[in-house]
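Trainee: Please take one part of this predicted model and go through it closely. I would like the aromatic pairs and the nonpolar packing around them.

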Amino acid sequence: MPEAETVDSSKEPRLDVNLLKDIAKKDLVDALNSASRVNGAKTLVLDASLAGPLGLVTEVSLLKHHGVDKMFWLEAGPLTSSTTSIVYLCRPRIKNVKIIADHIKRHAKESRKHNYTLLLVPRISTLVSRILEEEGVLGDVSISSYNLQFIPIAEDVVSLEHENALRELWVDGDQTVIFDSVQALLTLQQLYGTFPQIVGKGDYAQASKVVNYDIRSPKVQVASSQPSSSPKIDSLIVLDRRVDMVTPLLTQLTYEGLVDELIGIKNSHVELPLSLLTPPTAGPNNAASSSTSPPPASGPPQLVSVKKEAKKKHHLTTTTDPLYAELRDLNFALLGKKLNKVARRLDENYKTDLQTKTVAQLRDFVGKLGGLQTEHQALRLHTGLTELIVPLTRTDVFNKSLEIQQNLLASYEVTAQLNAIEDLIAQGADMQVVIRLLCLASLTAGGVKAKNLENLKREILQAYGYEYLPLLLSLAAPPLGILLPNPVPPSSAAALSGFKYPYTTLRKSLRLLIDDSAEALDEVENDIAFVYSGYAPISIRLVQCIAQKGGVLSNPAEKERTGDTANGGDTKKGSFGKVQAHPIVGWKGFEDVVAAIPGQTVEITQKTAASVAPPVGASRDMATTTVVFFLGGCTYTEIAALRWVERQNKGRKFLIATTGIISGGSIIEGIAGVNSKSSG
C-alpha cells in the first residue's frame with residue numbers, strides 16, 4: 001500500500017486519558033462537598049493504601065480549598081478532631097471499619113459530638129453497614145461512596161491501582177475486583193465509544209461478557225464530552241493473569257522494570273536519596289560534567305553510603321521529565337550508551353549557544369535555557385538512579401538468578417537448575433527470588449519431581465521461617481496452581497487437572513525464545529523479546545495473535561531490515577518501515593495455540609451505533625485504538641513490549657489498562673502477606 005494511503009500512528013493523537021483524571025478529581029470534590037452536613041471545615045481521615053492513588057489525581061491544596069482543615073491516617077488509637085465534621089475515606093475492609101467504629105465509640109464516651117461521613121472506595125458495601133450495625137454505631141454514620149476507577153499513570157496506561165488483585169482472585173477467591181474492573185471498562189465505553197469487539201483468554205476474562213450487556217450501567221458525567229473526531233476504539237482485549245504466570249516471575253530487564261524490581265515503584269513514585277532530587281544549581285560550565293561518563297563500575301560500598309541518606313518520593317512521569325520517555329523502555333544493557341549520547345548532545349547545545357553573538361541569538365538561547373536545564377537535571381537524576389542499580393545487578397545472586405531463568409526458559413538441564421536454586425537458599429538469597437525461580441521451574445517443566453520439590457520446600461521453610469508454609473500451600477492449590485509436583489498425586493489429580501501449563505508447546509508455536517546477541521540488541525529492538533533479553537512475553541505474543549498476527553511468526557522489524565538491505569538502503573534503526581495494522585478478527589489463525597492454554601476463550605461482537613466498525617486504516621485521518629486489559633496486573637516490561645508492537649504498526653495505538661502494576665516480587669510477597677523488604 002502506498003505511503004500516502006496509510007496512517008502513521010506515531011503522529012496521531014491518543015485517547016485523552018486525562019478525562020479520567022478530571023472525572024476522578026470532580027467526583028472527589030463532589031463527595032467531599034456533600035459529605036459535610038454543616039458547611040465549614042472538616043477533618044479528613046485517610047486510608048493509607050489510598051494515599052498513592054489519590055496523589056495521582058489530586059493535590060492537597062485542592063482538598064484544603066474544599067474545606068479539609070486537617071488530615072490524619074486511618075489507624076487504631078484515639079482520634080482528636082477540632083472540627084465538627086469528620087470524613088473517613090477508605091476501602092471497605094473489615095479492619096478499617098472496626099477502627100472507625102472504635103473512634104466513634106471513644107468520642108461518645110468522651111461526650112464529643114461530631115458528624116461522621118464514611119466515603120467508601122470505590123463503592124458502598126453491605127458488609128460495612130453490617131459491621132457498623134453490630135458495633136452499634138450505624139445510626140451515627142452517613143455512608144456514601146467515592147467511585148475511583150481507572151487512573152492514568154502514563155499517556156497510554158490506566159490502572160485501578162488495586163493492590164493484591166492477583167491474591168484476591170486466585171488465592172482468597174474474592175472476585176470483587178472483577179466487578180470493579182467491569183465498571184471501569186463501562187466508563188471507558190461511555191467516554192470513548194462502545195468496544196466493537198471483545199476478545200479474551202482466561203476463566204476470569206469471561207467477566208468481559210458483562211460489558212456486552214450492561215452498557216446501561218451508571219452513566220458518567222463529563223464536563224466536556226469527547227470530540228467527534230476523537231480516535232476510535234476498535235476492540236477490547238482481556239487477558240487474565242493466570243493465562244501467563246511465566247512472564248511476571250522473570251526478572252524485568254528494561255530500565256523502568258529494573259527500577260521496580262530493585263528499588264520499587266509504587267503508584268508511579270520511587271523513593272530516592274535527597275541528593276539526587278535536590279542537586280546544586282547547574283550552570284552552563286558544569287552542565288554536563290556530572291553526566292558525560294557512563295555509570296561507574298563501583299561496588300556496593302557506594303550503595304551503602306546512600307542508604308543512610310534521607311529519602312524522598314519522586315514521581316516518575318514523562319509530563320515533567322521528557323527524557324524518561326526515551327529511557328524507560330530501553331533494555332538496561334543499552335542504558336549507559338543512551339545516557340552518554342544525551343549528555344554529549346546537551347554539552348554540545350550549551351557550547352554552541354554560549355557562542356551566540358547577536359541579540360536575537362542571545363534571546364533564543366535564554367528561551368531555550370529553561371528546557372536545557374530541565375533536561376540536564378533529568379539526565380543527572382537518571383544517571384544517579386542508574387548508579388544505584390548497577391551494583392545490584394552485579395551481585396552473584398542476581399546473575400545466578402538470571403542464568404537459572406534463561407536455562408529454565410530453554411528447558412535446559414532442569415535438575416541442575418533445581419540444584420542451583422538450592423545453592424541460592426544456602427547463599428541467603430531473598431525469599432521471593434527463590435520462590436519465583438521454583439514456580440518458574442514448575443511452570444516451564446510441567447511440574448517439579450515430587451522428591452525434589454519436597455526437599456526444596458523443607459529447605460525454604462528451615463531457611464526463611466515456617467510462616468511461609470501458607471504461601472507454599474497457596475501456590476500449589478487451585479485455582480492458582482503454579483507450584484506443582486510431577487506427577488500430580490492421585491489424591492489431587494481431579495482438582496489439578498487442566499493446570500499443567502503447555503510451556504514447551506508455546507515456546508515453539510509462539511516463538512518465545514529469540515537470539516539475543518549484543519549486535520542484534522545494538523542495531524534493532526530485536527522483537528518484543530528485547531524486554532527480557534531473548535524471551536518474548538507470552539501475554540504480549542497473545543495480543544499479537546489478535547492485533548499483529550505477522551509479528552508472532554516473524555519479526556516485522558527484521559523483515560523490513562532485510563528488505564532495505566536487499567534494496568541497498570540504509571539499515572539504521574530509523575529507516576525501518578511500519579506495517580499497516582490489519583483489522584481485528586479475533587483469534588483467527590491461532591485457535592489451536594490458544595485452546596492449548598488453560599482457561600476460557602472469549603470472542604464477542606457488540607452492536608455499535610455505527611452498526612459495523614470501519615476496518616483499520618480505512619480512514620486516512622485517524623488511527624484506531626485497541627484497549628488491552630490485564631486482569632490481575634501487568635509488568636512494566638509487558639507495557640514496554642506493547643509499545644514496541646505499536647511502533648511497528650501504522651494505524652493502531654494501544655491503551656493499556658490493568659488492575660495494577662506487578663512484579664514477581666510483589667506477587668510472592670502479596671500472597672505471603674509480608675511487608676515488602678526495601679531493596680534500595
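Mentor: F629 is buried, at 2% relative accessibility. This residue and F150 form an edge-to-face aromatic pair, with 6.1 Å centre to centre and 70° between the planes. F629 belongs to strand β17 (residues 624–631), while F150 sits in the loop between β5 (141–145) and β6 (151–154), so the pair ties together parts that are 479 residues apart in sequence. F150 is buried as well, with a relative accessible area of 3%.

The surroundings of F150 can be listed. Leaving aside residues up to four places away in sequence, F150 touches L20, V158, S159, L160, A184, L185, L188, F629, A657 and T658. F150 is also one of the residues that touch the most other members of the largest nonpolar core, together with L89, L475 and I538. That core holds 174 residues, and helix α18 (residues 431–445) gives the most to it, with 10 residues. A second core of 19 residues is separate, and includes V97, A101, L118 and V141. As background, nonpolar side chains in soluble globular proteins tend to be buried together.

Back to the rings: the count comes to 3 aromatic pairs, with centres within 6.5 Å as the cut-off. One of them is the F150 and F629 pair already described. Another is formed by Y532 and Y535, again edge-to-face, at 5.6 Å centre to centre and 65° between the planes. Y532 and Y535 are both buried.

Note on methods. Residues are numbered from 1 along each chain as its sequence is written. This is a predicted model: local features need pLDDT of at least 70, side-chain atom pairs count only at pLDDT 80 or more; totals for chains, interfaces and linings use all residues. Side-chain values use heavy atoms; hydrogens and water are left out. Rings of Phe, Tyr and Trp (its six-membered ring) pair if their centres lie within 6.5 Å; planes under 30 degrees apart count as stacked, over 60 as edge-to-face and the rest as tilted. Helices (H or I, at least four residues) and strands (E, at least two) are DSSP runs, numbered from the N terminus. Buried means under 20% relative accessible area, exposed over 50%, partly exposed in between (1.4 Å probe, protein chains only). A nonpolar core is a set of buried Ala, Val, Leu, Ile, Met, Phe, Trp, Tyr and Cys residues joined through side-chain atoms within 4.5 Å. Contact means heavy atoms within 4.5 Å.
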